[in-house]
Structure formats: C-alpha cells, structure tokens
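Good morning, and thank you for making the time.

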Amino acid sequence: MFPAVLSSHPQTHTTFNLYVSKMETEQVRAAIQELPIPFREIILLREYEELSYQEIAGVLDCPVGTVMSRLGRARAKLRELLSATSERSDSSSVRGSK
Amino acid sequence: MKGCDYYGMNIQLYLDKELTGQDLEEFHAHLEECPICRTELEAEEALSGLLHRSRPLYSAPDALRKRVIQVAELLPSTATAAPVRLRERIANILNVNRPSWPVLVTAILLVAVGLLLGPGILRQWRANGYIETAVAAHRSFLGGSLPLEIQSESPSIVTAWFAGKVPFTFRLPNSAEESGYEQLYRLAGGRLVNYKGGYAALIAYQAQQQKISLLVSSSRSAVAAGGEEVPSGGIVFHYSRQASFNIITWSTHGLTYALVSSLPGSGRQSCLVCHQSMSDDDRFSAGR
C-alpha cells in the first residue's frame, strides 16, 4: 500500500536511512495535521498517547462504540492522505529523474 | 458462520489490544485460514508501525506535561500541534487547577513575605507555645491539680531535687537571697511538668499572699520572644499579659524562664513588687 520508503523501517543507521526515516516522520505528522480535528485528536490519543478505548472515551466524553468507529474512519482517512502524499512524492522524484 | 466482514472489524480491535477472551481466540482461528484478512492485518500493522515510528522519541514526565498544558492555556495565541479542544479536554481529565494571575502573584508575595518573616514568626510561635504551657501549668497549680513534689524554701535543696529529673542543668534565676536584701517573696518548692514530650521544671513562689510560678526549660525547646521587651543586666525580658496573668519570659545560660503571676500592675510593674527594695530596682524602673 505504501512505497518502500514509507513502509520499511531502516535497520541500519546510515545517513541515508536516517534521512529517509526523518522524511517518513515528517510526512506522517503532516498527514495527521491535515486530518479533521475529531480524527486528529483520536489518532493522537490512541497512537501517540496509547490510551485505551475506555480512556479515550473518558477524554472525549463519548461512548466506547464511537471511539471504535471514529478511530476506524480516522485511520482510513490517514491512510488515504499518506497514499496521496507518497504518490506526489513518487511523481516528483520521477520528474526530477528525467 | 462469521465471515470476513465481521473479522475485518476486529482487525482494528486486535491491533489496539482491545480484543480479548473468546473473541481473540476466534480471530486467531480465522486468521489461520483466511489470507484476505491476514493481508488486511499486515496493511493495518504497517500503518500502525508507521504512526508509532513518527511518535516523539521521548515522552515528557506527567508533571512537565501538566505545566506545558498550563502554559498553553495561559498563552492561547501560541501555535500548538494539538487542537485547542483536545488540550482543553486533556486538561479537564488531568484535573488541572489553573490559578489566575492575581492568585499566582498573591501566592508569590505570600511566599516571599513568609521567607522574610518565617524565622521571626516561627520564633514567636514557639515563644507563645511556651507561654501557654506556663499559664496552663500556673492555672493547674492554683487549682490544686499540680501539687508540689518538693516543698522547700531552700534553693539548693530544690535545685538538687531536679538534678537528673529534667533533661537540662536546672538552675534557679539569680534572686534576692543573693543580694542580701529583704525578700518579698519566698521559694515554696517545685515539681515536674510535661513539656514537648519531656519534662520542664515548675517552681512555686509565694509573694504577698499570691502564688507565683516559674516554668524552666532548656532554651533548645523553649524561646522567649515578643511582648514588651526590656533589656536589663544583659538579659532581655519579655513582658506580656494573658487573661488575668502577667507573664515575664527571658533566656539566660541555656535556660528559658516563664514567670506567671497575678500580681497587680502591668507586666513590668509586677517585677517591682518583688524587686522594689533590691539593688536592681533601678534597672527595672529605668524602662518605665
């Protein structure tokens, strides 16, 4: 689904791999920032803060079922944004190689 | 029979460790035989791994996070990554009390004043505690609930009786008997009284049909402070009045004394009742 740059974690700490890792992180964070606020906050709470569904429900003051469904939609949207990002990245590198 | 649509929903729960018990077992069993769900799980795991790798390397301690939230609340114009609403909710969950600026300034001023006056206040507080103990002992002595354990008019006998009974070297204050003048009061005796988990010495005097008590303790556990201060003979006497009693406190030679009486006049004048014909008369009257 994602290009190799985005889907493989650098195993060796070469300069290139560190650069790729940095780019990857920047792209993911940029994609998260593009999410609508309800999606962004639930992604941050789950993936960054590692809160359980119950804890997220407490923070967001909503039922656990809502947490589940919103998280699913947020991830789908994030996947969509990342795919678009990687496509843009691929096309620009192709143009640059010409 | 449950199909891939059902288990597809469970992929997210599985990755988030929200799937347990029978549901987890069934999900594992389904994965074994369903390549479609395995592929979908791998894709979700890739996304999850990507998100985890983009997390900050270090998490701030809780206390620091709370402080950051407070600062963010105080500076609403500061651009932050987290949405304002999210920060507000996290702040609510953390139950952060956000003091207003006036409260903060007041608190800082109170701390500053406390630091400046702290030692003095503490000293006065300790002195007041000693006076209260002395007054309470005097009341009990007057009421008969603290009878004398040693009855003697001899300072040496009374002093010897306290030896080894109190956690300090007991010493009666210099008095009239050393001056050679006529005594207007006489020593009646003494007893032990409880003070700060140990013992203090309570000395009884008789003057003009009045009973006077003197509480003696180590200066390490008792201080003389506050009230009207009069230096005399290298000692600072502190005069105060509590209820109907005149109290005089002073410290010398590592001991702190609290004299309690109902003698007429102000605290300082009450001294002259006993010392009016003594050589130190001038010293006491000089301060008037």
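Predicted model: local features only at pLDDT ≥ 70, side-chain atom pairs only at ≥ 80, totals over all residues.

Residues are numbered from 1 along each chain as its sequence is written, while chains are lettered from A and ligands numbered from 1 in the order in which they are written.

Let me begin with chain B. It contains 10 helices and eight strands; these are DSSP runs numbered from the N terminus, with helices being H or I of at least four residues and strands being E of at least two. Of its 288 residues, 26% are buried. Here, a residue is buried if 20 or more other C-beta atoms lie within 10 Å of its own, exposed if 12 or fewer, and partly exposed in between, with C-beta atoms placed from the backbone. Contacts are pairs of residues whose C-beta atoms, placed from the backbone, lie within 7 Å. Among those in chain B between residues at least 6 apart in sequence, 57% join residues at least 24 apart.

I turn to the cores. A nonpolar core is a set of buried Ala, Val, Leu, Ile, Met, Phe, Trp, Tyr and Cys residues joined through C-beta atoms within 7 Å. The largest has 41 residues, and B:I203, B:V216 and B:A258 have the most contacts inside it. Among the elements of chain B giving two or more residues to this core are α6 (101–143), α7 (155–162), β2 (185–195) and β3 (198–207). Apart from this core lies another, of 21 residues, including A:L45, A:L60, A:L78 and B:L50.

Which residues does B:V216 contact, leaving aside its neighbours within four places in sequence? They are B:F170, B:A200, B:A201, B:I203, B:L255 and B:Y257.

B:L187 is in strand β2 of chain B. This residue counts as buried because it has 21 C-beta neighbours inside 10 Å. Not counting residues up to four places away in sequence, B:L187 touches B:E153, B:P155, B:V158 and B:Y205. Its C-alpha atom is 9.8 Å from that of B:S213, a residue 26 places away along the chain.

Next, helix packing. In chain B, helices α1 (residues 4–15) and α3 (residues 35–53) pack at an angle of about 30°, with their axes 10 Å apart. Axes are lines fitted to C-alpha atoms, for helices over the stretch in contact, and angles run from 0 to 180 degrees between N-to-C directions. The angle makes α1(B) roughly parallel to α3(B), a term for angles under 35 degrees. Residues of α1(B) in this contact include B:Y7 and B:I11, and those of α3(B) include B:L41 and B:E44.

The axes of α1(B) and α2(B) come within 11 Å and cross at roughly 115°. B:Y7, B:N10 and B:Y14 of α1(B) make the contact with B:D23, B:F27 and B:H30 of α2(B).

Finally, the two loop residues. Most residues other than glycine have a negative phi. A:E50, which is not a glycine, has a positive phi of about 55°. It lies in the loop between α3 (37–48) and α4 (53–60) of chain A. A:E50 is partly exposed, with 13 other C-beta atoms within 10 Å. B:K17 also has a positive phi, near 60°. B:K17 is in the loop between α1 and α2 (21–33) of chain B, and is exposed, with 11 other C-beta atoms within 10 Å.

How values were computed: Contact = placed C-beta atoms within 7 Å. Parallel < 35°, antiparallel > 145°, perpendicular 65-115°, else oblique.
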